[in-house]
Amino acid sequence: MEGKVKIKPAEGKLGVMCVGLGGVASTLIVGTLMARKGLANPIGSFTQMGKMRVGRGKEKRYLHVADIIPIADLNDIVFGAWDIFTDNAYESALYCQVLKKEDIEPVREELESIKPMKACYDPFFADNLLNPSFGRIPEPLWAMEPDTRWNWAQNLREDIRRFKKENNCSRVIVFWIASTEYYIPRNEAVHGSLAGFEAAMKADDRKNLPPSMIYAYAALQEGCPFIMGAPNLCVDIPAMFELSQQKGLPIIGKDFKSGQTMMKSALAPTFRTRLLGVEGWFSTNILGNRDGQVTDNPMNFETKRISKSSPVEWILEEEEYPELYSDIYHKVKINYYPPRKDNKESWDNIDIFGWMNYPMQIKVNFLCRDSILAAPICLDLLLFSDVALRAGLSGVQHWLSFYVKKPMTYDGERPVHDLFQQFAMLKNKIRELGGYEADQELD
Ligand SMILES: NC(=O)c1ccc[n+]([C@@H]2O[C@H](COP(=O)([O-])OP(=O)(O)OC[C@H]3O[C@@H](n4cnc5c(N)ncnc54)[C@H](O)[C@@H]3O)[C@@H](O)[C@H]2O)c1
């Protein structure tokens, strides 16, 4: 179909360079390799399974997403990675214990060939990875030699160019699926403009430039879209907005909306729609994977807490309904609890009130699998960001808010957190890109 927006065809290999080869990355890779062999179902992935309506009235049809816009074929994906552990993708998948060995073994050879490159790593931003009291530490530490932020960026650019050439890729996406970094606030002098950012890199301002920003900078300079899967500040700053627009590249973030927050962004709109009040929302989790280990540091958790809190704060607006949503007591906790590994358990207690202020309670107990929920989100994000690249969409990709806990916006804009509004935004963008009319979503 000839669309209004010209999208280049998905020709050639699509390189996906994962920053971090841990639980989520290895689960994404195993599932993708298994799906392309026809050995597993890509459940949860809209690009692989989703159907949606286009046209109205007599023109109405239900089509697969890939029949509306040109999505890259799974067979064309080539994975690469950086990590501070030397484990290849097979070893990492076994270590993380998300998947059973029998579900990993059929793609063992391909997984073994995915060996991480040396990471751009500063222990300050994820120090629990080196803390032996949590168990295994990286030996040797598979990281670039200490150097200036500017030089690290040049090394990463070289890695990207080499990977692209060696794998004969027509395009590459760089995807942060690495740890949640130590909390840093925005610093206008460093993050407020590209000139300030580059000056800070050259001056080696380590405090304001965590590794994730260096990967993002290198990716954009090399013509690659960048996806931020953790809650890190990273591309959520004017300097990166400027660079991505200057280079005509999409940036996406931040923090996958996989388990508890997905439920929140579905439940909160229900209360709002029915004009039910909320007095308190207590959310807690137990999690025993390496991500739980890193966020056990209070300042790494702070980055996560802000992201996990934002849907309730934005959907249940005090200003609009002060009698329903004033002073909501909203508490979010993650407790590191190794026996559960990646099988996170979350509890939500929601104190709501109705007619004549009579109180009620809702309890949600979600026994989920963190990486099993995150992997299809990753696959969709990387395939849609490739579509965005080929369609020439640059800067913040609001239409992909559906997949993230804290959708990025330009300064002064309102993020959309409601899961169903986000889904409508996603489908309307797909319609627009496919040459169909956007509509009110009354299917
Ligand atoms: N699983 C989910 O549902 C979910 C949801 C939202 C966000 N996330 C985020 O996704 C990220 C990955 O989660 P995970 O469970 O795979 O964690 P993980 O700890 O298993 O994997 C992260 C990997 O990143 C590596 N790493 C850390 N710093 C690095 C650097 N500077 N360069 C290269 N590699 C580096 C670590 O060594 C580790 O192997 C985390 O930030 C997590 O918060 C996960």
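The protein has 16 helices and 14 strands, where helices (H or I, at least four residues) and strands (E, at least two) are DSSP runs numbered from the N terminus. Its radius of gyration is 21 Å, close to the 22 Å that the globule rule gives for 443 residues, so the protein is as compact as a globular protein of that length. The radius of gyration is taken over C-alpha atoms, and the globule rule is 2.2 Å times the number of residues to the power 0.38. This is a predicted model, in which local features need pLDDT of at least 70 and side-chain atom pairs count only at pLDDT 80 or more, while totals for chains, interfaces and linings use all residues. Residues are numbered from 1 along each chain as its sequence is written.

Of the 443 residues, 50% are buried. A residue is buried if 20 or more other C-beta atoms lie within 10 Å of its own, exposed if 12 or fewer, and partly exposed in between, with C-beta atoms placed from the backbone.

The domain assignment, which is automatic or from a database, gives domain 1 (13-256 + 372-433) and domain 2 (260-369). Their centres, taken over C-alpha atoms, are separated by 25 Å. Domain 1 brings 28 residues to the contact and domain 2 brings 29 residues; two residues are in contact if their C-beta atoms, placed from the backbone, lie within 7 Å. On the side of domain 1 that touches domain 2, α15 and α16 (419-433) each supply at least two residues.

Helix α15 (residues 370-390) can be checked for length. At 1.5 Å a residue, its 21 residues should span 30 Å, and its end C-alpha atoms are 31 Å apart, which agrees. The expected span is 1.5 Å times one less than the number of residues in the helix. In α15, 20 of the 21 residues are buried, so this helix is largely enclosed by the rest of the structure. After α15 comes Gly392, which has a positive phi, near 75°.

The strands can be followed next. An open sheet is formed by 7 strands in the order β5-β4-β1-β6-β7-β8-β14, with parallel pairing. Two strands pair if DSSP finds at least two bridges between them. β5 (117-118) and β14 (395-396) stand at the edges with a single partner strand each, so one side of each is left without a neighbour in the sheet. Within the sheet, β7 (residues 226-228) and β8 (residues 250-253) pair in the parallel sense over 3 bridges. Met228 stands opposite Gly253 in β8.
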